[in-house]
Amino acid sequence: MKKGDDVTLAVRLIHKATRKPVTDAVVTRTRIDMGPDGMAEMAAPVTAMPTSELMVYAFKAGLSMEGRWLFSVAAKVPGEPDTVVGKITFKVTR
Ligand SMILES: [Cu+2]
């Protein structure tokens with residue numbers, strides 16, 4: 001995606017066993033850092049956004065620098081005893 005103060009990120013949560021999207025998760029924690037190679041202490045502000053698509057979880061982030069970033073998201077999923085954590089690496093260009 002392109003760098004900016006107000007970049008929209010959208011993720012889907014898929015239940016691995018059934019390959020079905022999870023629509024009723026509660027996102028409990030998000031974090032965006034530069035990485036995985038270097039600048040690990042450079043974090044970006046991220047806020048959750050409402051979405052019209054039921055299976056999509058959307059966020060807005062300030063991505064001020066080109067390069068690779070790591071999006072970490074933790075969620076409570078009904079039926080899962082533990083918090084589910086996902087990590088996605090993505091690239092920001094100018
Ligand atoms: Cu940086």
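**Exercise 1.** Classify Ser72 as buried or exposed, and find its side-chain partner.

*Solution.* Start with accessibility. Ser72 has a relative accessible area of 10%. Buried means under 20%, exposed over 50%, and partly exposed in between (1.4 Å probe, protein chains only). Ser72 is therefore buried. This is a predicted model: local features need pLDDT of at least 70, side-chain atom pairs count only at pLDDT 80 or more, and totals for chains, interfaces and linings use all residues. Residues are numbered from 1 along each chain as its sequence is written, and side-chain values use heavy atoms, leaving out hydrogens and water.

Ser72 sits in strand E8; strands (E, at least two residues) are DSSP runs numbered from the N terminus. Now list contacts (heavy atoms within 4.5 Å). Beyond four places in sequence, Ser72 touches Arg29, Thr30, Arg31, Gly86 and Lys87. With Lys87, the two side chains make a polar contact at 3.4 Å. Such a contact pairs N or O atoms within 3.5 Å; within protein, one must be able to donate a hydrogen and the other to accept it, and residues adjacent in sequence count only if both atoms are side-chain atoms.

**Exercise 2.** Classify Gly4 by its accessibility and list its contacts.

*Solution.* Gly4 belongs to strand E1. Its relative accessibility is 22%, so Gly4 is partly exposed. Outside four places in sequence, Gly4 contacts Ala61, Gly62, Leu63 and Ser64.

**Exercise 3.** Which residues does Leu63 touch?

*Solution.* Skip residues up to four places away in sequence. Leu63 then touches Met1, Lys3, Gly4, Val7, Leu9, Ile32, Ala44, Trp69, Phe90 and Val92.

Key:
Helix = DSSP H or I, 4+ residues; strand = E, 2+ residues; numbered from the N terminus.
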